[in-house]
Amino acid sequence: MASGNPFFDDLRSKPEVIDLPQNEDRLDSESVNEPTQTATKPNLIVSSNVRELLECPVCLNAMYPPIHQGSLLLLSVRYGYASDMGMCLNGHTLCSGCKPRVHNRCPTCRHELGNIRCLALEKVAASLELPCKYQSYGCVGIYPYYSKLKHESQCSYRPYSCPYAGSECTVVGDIPFLVAHLKDDHKVDMHSGSTFNHRYVKSNPHEVENATWMLTVFSCFGQYFCLHFEAFQLGMAPVYIAFLRFMGDDNEAKNFSYSLEVGGNGRKLIWQGVPRSIRDSHRKVRDSFDGLIIQRNMALFFSGGDRKELKLRVTGRIWKEQ
């Protein structure tokens, strides 16, 4: 019996939401003995039509509860209740995040929207298992629809943001891609080895706000590290900071330590710490003061001369903890 709702009638007339590939009409003994292969088959063949049903027409992202729809407008009008809901006549859906953005109008047919949830579609979503969206980066996991979002926010295969701090670079990718990007697009200096001896020179050290971010990438122990050096304002005091970031996840970064040393005129400052993962933004690391901090007056004292030019030599090394 027809319900009067095209969406539900469509589900009744098409109960199968899985399209089986033609070459899977039989099981052979070889595939049965491969648990990874047999476990992932049912999930990888979810109909694209079902995925489209769960796609918000506004932001094009997957929808999560509450999923709003308007298939009950006729019911509310007929019985005279919930008139303030004003739902879409055609039962179109959209995510709760986009609902306020469309000013209570269905983006598909322009009918007024209400606060009715599409529980049937939410239940359909709950029955699905889908691959991680970072599958192309190497993740082979299959996750329930409502657990997939949480996994993807923590997936170890999710791409990294470009660690270059001198501009708001929006490039993302895996580590090999970002290393090539830093070298080719940002012209970052690349060095091999676990020790370094850098000299930073600035002709006008009083221009803290316009100081240039400096980044050097080191390759050692089969990993990549980013050495940052910059000037910034700490309250009313201009300071310089140097710190190291690890091109990888935090759990791997904790396997390494590093030291930095700066000095002159018979004095020196020494810092020892653990490199931060590039999962933490450059600004987050800097604003937590997790590095070697040098006040400008001290930096000019280290520089010697007439204190009108910054000449700092920063040395250091990286080592792997046993």
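## Getting your bearings

Among contacts in the chain between residues at least 6 apart in sequence, 58% join residues at least 24 apart. Keep in mind that this is a predicted model. The chain runs to 322 residues, and 39% of them count as buried. DSSP runs give it 11 helices and 16 strands.

- Four strands make up an open sheet, and if you walk across it the order is 8-16-12-13, with antiparallel pairing.
- The edges belong to strand 8 (195-202) and strand 13 (267-273); each has a single partner strand, so one side of each has no neighbour in the sheet.
- From one strand to the next, the twist averages 20 degrees.
- Strand 8 pairs with strand 16 (residues 310-320) in the antiparallel sense, over 8 bridges.
- To spot that pairing in the model, look for V201, which stands opposite K311 in strand 16.
- Helix 11 (residues 296-303) lies across strand 12 (256-264), strand 13 and strand 16, and it runs at about 100 degrees to strand 16.

- In helix 8 (residues 175-184), the buried residues are I175, L178, V179, H181 and L182.
- These residues cover an arc of only 160 degrees around the axis, which means they sit on the same side of helix 8.
- Over on the other side of helix 8, you'll find P176 and K183 exposed.
- The cover over the buried residues of helix 8 includes strand 5 (160-161), strand 6 (172-173), strand 7 (189-192), strand 9 (214-220) and strand 10 (223-234).
- Check the start of helix 8 too: there, a side-chain oxygen of D174 comes to within 3.0 Å of the backbone nitrogen of F177.

**A buried histidine**

- H228 is part of strand 10, and with a relative accessible area of 2% it counts as buried, because the cut-off is under 20%.
- Its side chain makes a polar contact with the side chain of R245, at 3.1 Å.
- Leaving aside residues up to four places away in sequence, H228 touches P163, A165, M214, L215, I241, A242, F243, R245 and H282.

**The nonpolar cores**

- The largest nonpolar core holds 30 residues, and L260, I294, L312 and I318 have the most contacts inside it.
- At least two residues of this core come from each of strand 8, strand 9, strand 10, strand 11 (237-246), strand 12, strand 15 (292-295), helix 11 and strand 16.
- The top contributor to this core is strand 11, with 7 residues.
- There's also a second, separate core of 17 residues, and L54, I67, C95 and C98 are among them.

**Strand 15 and I294**

- I294 touches V239, Y240, V262, L269, A299, F302 and L312, not counting residues up to four places away in sequence.
- Strand 15 has L292 and I294 on its covered face, while I293 and Q295 are on the uncovered one.
- Strand 15 pairs with strand 11 in the antiparallel sense, over 4 bridges.

Terms used:
Residues numbered from 1 in each chain as written. Predicted model: local features only at pLDDT ≥ 70, side-chain atom pairs only at ≥ 80, totals over all residues. Heavy atoms only, no water. Pairing = 2+ DSSP bridges. Axes fitted to C-alpha atoms, helices over the stretch in contact; angles between N-to-C directions. Contact = heavy atoms within 4.5 Å. Buried < 20%, exposed > 50% of the residue type's maximum accessible area, 1.4 Å probe, protein only. Arc of directions from axis to C-beta. Polar contact = N/O pair within 3.5 Å; in protein donor to acceptor, adjacent residues only side chain to side chain. Core = buried A, V, L, I, M, F, W, Y, C linked by side-chain atoms within 4.5 Å.
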